[in-house]
Structure formats: structure tokens, C-alpha cells
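The points may be read alongside the sequence and the structure.

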Amino acid sequence: MICGSCNSPFDAQAAIVSCNSCSMSSGCSKTRCPLCGYEMTLEPGLIGIVRSIGRAVRGLLPRSASGADAAGNCCGSISLAQLKQGESCVIEKYLEVGHVRKFLSLGILPGTYVTVLKHSPLVVLRVGYSEFAFDRPLANTVQVHRLAK
């Protein structure tokens, strides 16, 4: 399965372990991401099969055809710390599992549009009407797609 919030793949067995803390653990039609705790409905069997076939096919394609470089990053993807002042981007994914909850608690989800207000000494972002400051090591764990000006 793939988490709808942090886009991290996880297996059903890990989801069962994370759901054990819930009082509705038996007879529930939902599952919980073991990485970020996001709760979602279970995929029907056919959808899971189609997704696994798609992943297998993507693994057979050459890297240039699948849109990824040797490190597995999407074309045009950089870290948040590499953006310059005034540049805008879209959050793609989080590279460090331990920092996912920090960003999710602030409402900075994958697919969120972000503008860099300040680049040094901290990375200051504008997300909607809010502004957040992150240190450089934390900003390096966020993979973004740069938007054209």
C-alpha cells in the first residue's frame, strides 16, 4: 500500500501492527500508515493488484523513460534548501521518515505550493498565508519540484 499523506509505501503487516493501538482494531475497514499515522480506507483487492503490476512494469523501464535519475529522484527534483529567495515549488516527498510528522503537523503535505522568502541563515517559507522557518538540515530532507517564474 502507499500512504495517501506521505506517499511512502508500506506493507499490510506493518499497518496491522500500527492499528493494534486503536480500540476499533477488529472489524474496522481502515488502516493506518506506520510512518506518519495517517488513517485511510483499505484498498480493494483489485486496486492493490493493479498497483503492484504498475510498480513491476516501472521497474523494467529504463531510468530515462520512467522519469527518474540514478538516485531515484524525479526529473527536476531538488531539495528545499537548494531553492533561492523568491522561488516557488511544489512539495514532492520527504526523504527522512523521522521528519514526516513535523511537516504534516504544520500542514505541509506533498502537493503543497511553497514560496521561499529567505534563504539564509534559515530557510523561510510561505505556505498559504503562513510563514515557517526551517534549518538547512531539515530543509535538505524535503524533495521539491521547482516551478517556473
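1. The model, which is predicted, contains an open sheet of six strands in the order 3-8-4-5-6-7, with antiparallel pairing. Strands (E, at least two residues) are DSSP runs numbered from the N terminus, and two strands pair if DSSP finds at least two bridges between them. The edges are formed by strand 3 (77–79) and strand 7 (130–134), each of which pairs on one side only. From one strand to the next, the twist averages 45 degrees; axes are lines fitted to C-alpha atoms, and angles run from 0 to 180 degrees between N-to-C directions.

2. As to conventions, residues are numbered from 1 along each chain as its sequence is written. Local features need pLDDT of at least 70, side-chain atom pairs count only at pLDDT 80 or more, totals for chains, interfaces and linings use all residues, and side-chain values use heavy atoms, with hydrogens and water left out.

3. Ile78 has Val144 of strand 8 as its bridge partner.

4. Which residue of strand 5 stands opposite Ser88? The residue is Thr115. Strand 4 (residues 88–94) and strand 5 (residues 113–118) are antiparallel and share three bridges.

5. Thr115 also stands opposite Arg126 in strand 6. Strand 5 pairs with strand 6 (residues 123–127) in the antiparallel sense, again over three bridges, and a hairpin of four residues joins strand 5 to strand 6.
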